[in-house]
Amino acid sequence: MSDKYDVVVIGAGPAGYVAAIRAAQLGLSTACVEQWLDDKGKVRLGGTCLNVGCIPSKALLDSSYKFAEARDHLAVHGIAIEGATIDVPAMLQRKDSIVDQLTGGIAGLFKHNGVTPVSGTGRVLAGARVEVTDKDGNVRELQAGNVIIAAGSVPVEIPPAPIDNEYIIDSTGALALSDVPQRLGVIGAGVIGLELGSVWNRLGSEVVMLEALDDFLPMMDVQIAREAAKIFKKQGLDIRLGTRVTGAEVKNGVVEVSYTSADGDEVETFDKLIVAVGRKPRSKELFASDSGLTLDERGYIFVNDYCETEAPHIFAVGDVVRGPMLAHKGSEEGIMVAERIAGKPAQMNYDCIPSVIYTHPEVAAVGKTEQELKADGTPYKSGVFPFAASGRALASNESEGMVKILAHADTDRVLGCHIVGPSAADLVQQVVIAMEFGSSAEDIGLTVFGHPTLSEAVHEAALAVDGHAIHIANRKKRK
Ligand code: FAD
Ligand code: NAD
């Protein structure tokens, strides 16, 4: 095997494997170094996303929702299912086989595109060289025309609740609980807390979420976050804001969590405790001190808008650099960098990255929130359409939530879209495309939407921006 490549990628998560495939498609000789091993000691591709992130969490969200639907939501359709039960090992087995299928699929794509997978831990040396140490401690050096670092992120740990992987677990542990805890504590009511809290809540756990901030989902549009909080509360998630966890102690097979809140000092006992307080870049021991790379004040590898580091021919993409920790953000950065290495004028639109919380209903967003527009003094107008007025949502018994579209008050250009409701993840994507093309709210309003679809709620929200929605009483009436 040659040890000289046009491109060496470190990390085979969605940022790294996508960068490697695109580089190879563009005719660049490409190797991808990955340290993750399966239980047989073979290299495991796909990173956090495929192995312990996006995919397994969605598999469990879907299984648990189907169970909750069978148990709680079918009677309204006239369907009676008595004694629905959940077989947790079978549910986990299904999740694991999807993960195996997809990670194996990346290996197939590498082969098809001519990407060389290299098993081991990569470290960047001066002069765009990559040192690789394999599981047996053997060290080799790859000479790279260009290096793309895509080392990803790891969960943040907090001193009052150290992970023991038995009672106090992180997201990876929460994807593999072998039975349903009766009482489940979650520290952090963010994306992971809500998704994995929902999984176990649907399966029967009593879920208590301890969130440090006073505001729920502060990065989301305030109106949407408020609506989502109401819906989650109704589902049984006990979300306690403004709490500070001071300790977590395992005693007699349960975890005793102490925390303070506006009501004073409190103690709760749980069968399991998930710590989901954010993730941090995996940027330690990734490069030699003379490699020319630097970290920013939060530990991310410092890059510019094109994901170029301060060292020539070395790039960094995905969770290891600034920006939202989302698989699709990293993948698009990977494609941009591969194309720029191949001499193409690629760039990223960081203003148009959708984000989704895969609860039921889903919460999805793109662009600016109303509070951001207010804060930066942008003149805006907004249109809201509730799913309760959507024929299709009612037909499906999915009428909670709303679509909100924000547009510039003078130009009508769409600046943001925020949804809590059925299929929000797919609906928001329509507005992402519209925003990419610089669309106005009127453009969406003039587009023909099929009937009856959930998408009609997007259409109506766009019409509502100028008071023209048909199926609700418009607050502001304009001709
Ligand atoms: P990673 O996926 O973390 O991959 C980095 C890879 O690099 C790993 O395989 C690692 O082993 C390898 N590596 C690290 N250092 C080295 C080294 N020195 N040498 C060799 N290899 C190395 N995002 C979404 O967009 N949608 C979701 O629904 C979603 N759900 C999630 C659910 C959970 C439970 C979690 C934890 C995350 C979720 N995310 C989701 C976030 C998403 O998983 C990450 O944003 C994404 O995986 C980041 O991709 P990445 O390639 O930058 O890093
Ligand atoms: P997060 O930032 O979404 O949520 C963490 C929450 O924990 C925040 O609300 C924060 O205020 C709270 N918190 C922090 N310290 C705390 C403390 N000591 N006590 C109580 N609360 C505390 O992070 P996450 O949920 O861990 O997810 C990590 C990353 O993974 C996120 O950046 C997210 O984008 C990504 N992710 C994405 C998806 C998705 O796209 N659907 C799903 C899962 C994870």
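**Close-up views of salt bridges and a domain contact**

**View 1. Glu333 and Lys329 pair within helix 8.** Glu333 and Lys329 sit four residues apart in helix 8 (residues 327-341), so about one helical turn separates them. Helices (H or I, at least four residues) and strands (E, at least two) are DSSP runs, numbered from the N terminus. The two side chains form a salt bridge, with their closest N and O atoms 3.2 Å apart. A salt bridge here is a side-chain nitrogen of Lys or Arg within 4 Å of a carboxyl oxygen of Asp or Glu. Glu333 counts as buried because its relative accessibility is 0%. Lys329 is buried too, at 1%. Buried means under 20% relative accessible area, exposed over 50%, and partly exposed in between (1.4 Å probe, protein chains only).

This is a predicted model: local features need pLDDT of at least 70, side-chain atom pairs count only at pLDDT 80 or more, and totals for chains, interfaces and linings use all residues. Residues are numbered from 1 along each chain as its sequence is written, chains are lettered from A and ligands numbered from 1 in the order in which they are written, and side-chain values use heavy atoms, leaving out hydrogens and water.

**View 2. Lys230 and Glu227 pair within helix 7.** Their salt bridge spans 3.6 Å, N to O. The two residues are three apart in helix 7, so about one helical turn lies between them. Lys230 counts as exposed, at 57% relative accessibility.

**View 3. Lys404 meets Asp221.** The salt bridge between these side chains is 2.8 Å, N to O. Lys404 belongs to strand 21 (residues 402-408), and Asp221 to the loop between strand 10 (206-210) and helix 7 (222-235), so the pair ties together parts 183 residues apart in sequence. Both Lys404 and Asp221 are buried.

**View 4. Domain 1 touches domain 2.** An automatic or database assignment sets the domain bounds. Domain 1 covers 4-155 + 280-348, domain 2 covers 168-277 and domain 3 covers 353-464. Contact (heavy atoms within 4.5 Å) takes 19 residues from domain 1 and 16 residues from domain 2. The rule finds one salt bridge across this interface. Glu195 and Lys58 also meet in a salt bridge, at 2.8 Å, N to O. Helix 3 (54-73) and helix 4 (88-113) each supply at least two residues of the domain 1 side. Helix 3 gives the largest share of that side, ten residues.
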